[in-house]
Amino acid sequence: QVQLVESGGGPVQDGGSLKLSCAASGDTFSAYNMGWFRQASGKAREFVAAISRSGSSTYFTDSVKGRFIISRDNDKNAMYLQMNSLKPEDTAVYYCAARFRTSALQLSLWVPSPSNYWGQGTQVTVSS
């Protein structure tokens, strides 16, 4: 099993930037594909970005392409989400997630599941 803790959220102005971090502990971090999800108030949790175990492949939902960058450092057991050009519609609780043994297609179409490992979330609030 892997334990996940997010950090780096907070308030930011429209057009600003934030960098989220996800610290992992427990099992071998490099064995897990990792992802970021978000959940706005009153809405379902949605996929934001994912990164393969080695970091060589990344995937993004269309609304954040060109604005967000996902990365990981397997030596530091950490994953990151650099968020640029933030918009009010990016306001949500952001969660990091881990899943074991998945294909590239499954990673690109990651649907949140209770069988995944989840952090507790970090709030991002973008004001206009």
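Guide: One term first, for the strand pairs we will discuss: two strands count as paired if DSSP finds at least two bridges between them. Please also keep in mind that this is a predicted model.

Visitor: Okay, which strand forms a hairpin with β4, and what's in the turn?

Guide: β4 forms a hairpin with β5, with 6 residues between them, and G42 in the turn has a positive phi of about 80 degrees. The two strands pair in the antiparallel sense over 5 bridges, β5 covering residues 46-51, and M34 has I51 as its bridge partner in β5.

Visitor: And how many bridges join β4 to β9?

Guide: There are 8 bridges between β4 and β9 (residues 92-100), which run antiparallel, and within β9 the bridge partner of W36 is C96.

Visitor: Why is β4 described as largely enclosed?

Guide: Because 7 of the 8 residues of β4 (residues 32-39) are buried, the strand is largely enclosed by the rest of the structure.

Visitor: Switching to the core, which residues have the most contacts inside the largest one?

Guide: The largest nonpolar core has 28 residues, and those with the most contacts inside it are M34, W36, F68, M79, L81, M83 and Y94. At least two residues of this core come from each of β1, β3, β4, β5, β7, β8, β9 and β11.

Visitor: What does M83 touch, beyond its sequence neighbours?

Guide: Leaving aside neighbours within four places in sequence, M83 is in contact with G16, S17, L18, L20, R67, F68, Y94 and V124.

Visitor: Which residues are in the second core?

Guide: That separate core has 7 residues, including F37, Y59, L107 and W110.

Key
Residues are numbered from 1 along each chain as its sequence is written. This is a predicted model: local features need pLDDT of at least 70, side-chain atom pairs count only at pLDDT 80 or more; totals for chains, interfaces and linings use all residues. Side-chain values use heavy atoms; hydrogens and water are left out. Buried means under 20% relative accessible area, exposed over 50%, partly exposed in between (1.4 Å probe, protein chains only). Helices (H or I, at least four residues) and strands (E, at least two) are DSSP runs, numbered from the N terminus. A nonpolar core is a set of buried Ala, Val, Leu, Ile, Met, Phe, Trp, Tyr and Cys residues joined through side-chain atoms within 4.5 Å. Contact means heavy atoms within 4.5 Å.
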